[in-house]
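Student: I would like to go through the side-chain contacts of this model one by one. Please give the cut-offs as we go.

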Amino acid sequence: MEVMKGRIEALAAKALGVKGPFWELSVAVTGCLLGSLLLLGSIQIFCDVNSALEERKPPLNYFTLNKKIEGSLLVGLLKDEDGFTIEETKAISNFPGVLEVGAFTRLRSEVMIHIWPMGKIGMGSAAKADVFFESVPDTFIDVDLKEWKWDQNASYVPLIIPKFYLDLWNFGFAPTRADYPTLSAEVALKMPIKIFVGDKRENSYDGKFVAFSRRINSIITPQSFLEYANSKYADESNSSKVFSLFESKAEKNILPARLIVRVDKAPSESLLTFFKEKGYEINRELPTRDKLQEASGMISLAVGIIGILLSILSMATFSSSFRLVVTRAAIPTRNLFHLGFSRSVASRVFVRRFLKIFGIVFFGGIALTFLLKEIGIKPLAGAVGLKMSSGLDIVTLLVAAIYGCIFVAVNIIIIRNSVRNLN
């Protein structure tokens, strides 16, 4: 039975062997190939870039947050607290997009440092400055922490200072002072430092710059030293205040005045609106978004849209071409009907012819997409530090299957309707 059926279809195919419109089919094949390549290629690029960015270490976007200072001098003096409460800190931590929040802890005592840029034994006197010390959780510090520890038996207090402090010294102070030489980072880290804590300058410690931070805009010390100094000197300094107004403020104002916040990307509009409503200020220019991910999404969308449009046009061209094929074969088709051949046999002949052409084009598009990734996209991604897996993504193959089914279904319906009209 199957052999007989095959012979019947072979005779029908031979009888209906009318050549199709060459140029129309060529345009349809070219459009289908390009449309498939652009559509599948855009999806593959988007999937590969997203996967590579997810595996890559997330961008370290940090900024410092503080409450906006408003009002007159008297209002500022009378204000007991300008720090962040536990509830406010939790609200920021729980906001979408915020990964981590840390508090700046302050040394609640006066601090003066003496620095000898040319060495104690060398020429020049010490540079003196009133400063303040703070501390942040170690996870927020962007330098090597091998020297970042202190106890009461330590020979020096390690300090991390902002990199722009060194720039201010070299490009601001040094050019105007003969006894202030310009300093490289290596030399600056070796300068002798003396730290005086308390308003009487009676408590001194040797200090040492151990690193320069580009993230934290404050002189920071280990948390262990800050806790020790606060327990020993904060009460002593506050008790020496003359006016009870200042004493009250010094005692109560122990909440963290600043927070350091890490976000996964640049702050979202909703997060910025939240900060504005709460009266918070960001200390610096906002961290940049991951431009690579945004660019890949936009490019993939644009290329995908072009691919879809070309695919729709090629589908229409294929349909018109095979409708024309059926029309050109109208006479032999009607003769087959008169000889007793069924309409389904004639339809299968044209459908098989279409599937043969479309199959070559479709799988050619998948092969070109694979080559595009392996030869073009993957080496470029490797050059910018992104690692991509081999082969096509499952999403790309799924879209290809859906696209192929739709294309085939539409053309089969049109071919069958065209044959039906001949009967």
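This is a predicted model: local features need pLDDT of at least 70, side-chain atom pairs count only at pLDDT 80 or more; totals for chains, interfaces and linings use all residues.

Tutor: Residues are numbered from 1 along each chain as its sequence is written, and side-chain values use heavy atoms, with hydrogens and water left out.

Student: Which kind of pair do the rings of Y205 and F225 form?

Tutor: Rings of Phe, Tyr and Trp (its six-membered ring) pair if their centres lie within 6.5 Å; planes under 30 degrees apart count as stacked, over 60 as edge-to-face and the rest as tilted. The structure holds 19 aromatic pairs. For Y205 and F225 the centres are 5.5 Å apart and the planes are at 85°, so the pair is edge-to-face.

Student: In which elements do Y205 and F225 lie?

Tutor: Helices (H or I, at least four residues) and strands (E, at least two) are DSSP runs, numbered from the N terminus. The two residues are 20 residues apart, and the pair links distant parts of the chain. Y205 lies in strand β9 and F225 in helix α7.

Student: Which residues of helix α9 are buried?

Tutor: Buried means under 20% relative accessible area, exposed over 50% and partly exposed in between (1.4 Å probe, protein chains only). Helix α9 spans residues 269–278. Its buried residues are L271, F274 and F275.

Student: Which exposed residues does the face turned away from the buried side of α9 carry?

Tutor: The buried residues of α9 pack against β1, α4, β2, β10 and β11 (contact means heavy atoms within 4.5 Å). The face turned away from them carries the exposed residues E269, K276 and E277.

Student: With which residue does E88 form a salt bridge?

Tutor: A salt bridge is a side-chain nitrogen of Lys or Arg within 4 Å of a carboxyl oxygen of Asp or Glu, and the count comes to five. For E88, the closest N and O atoms are 3.0 Å apart. E88 lies in helix α4 and its partner in strand β1, so the pair ties together parts 21 residues apart in sequence. The partner is K67.

Student: Is K67 buried or exposed?

Tutor: The relative accessibility of K67 is 18%. K67 therefore counts as buried.
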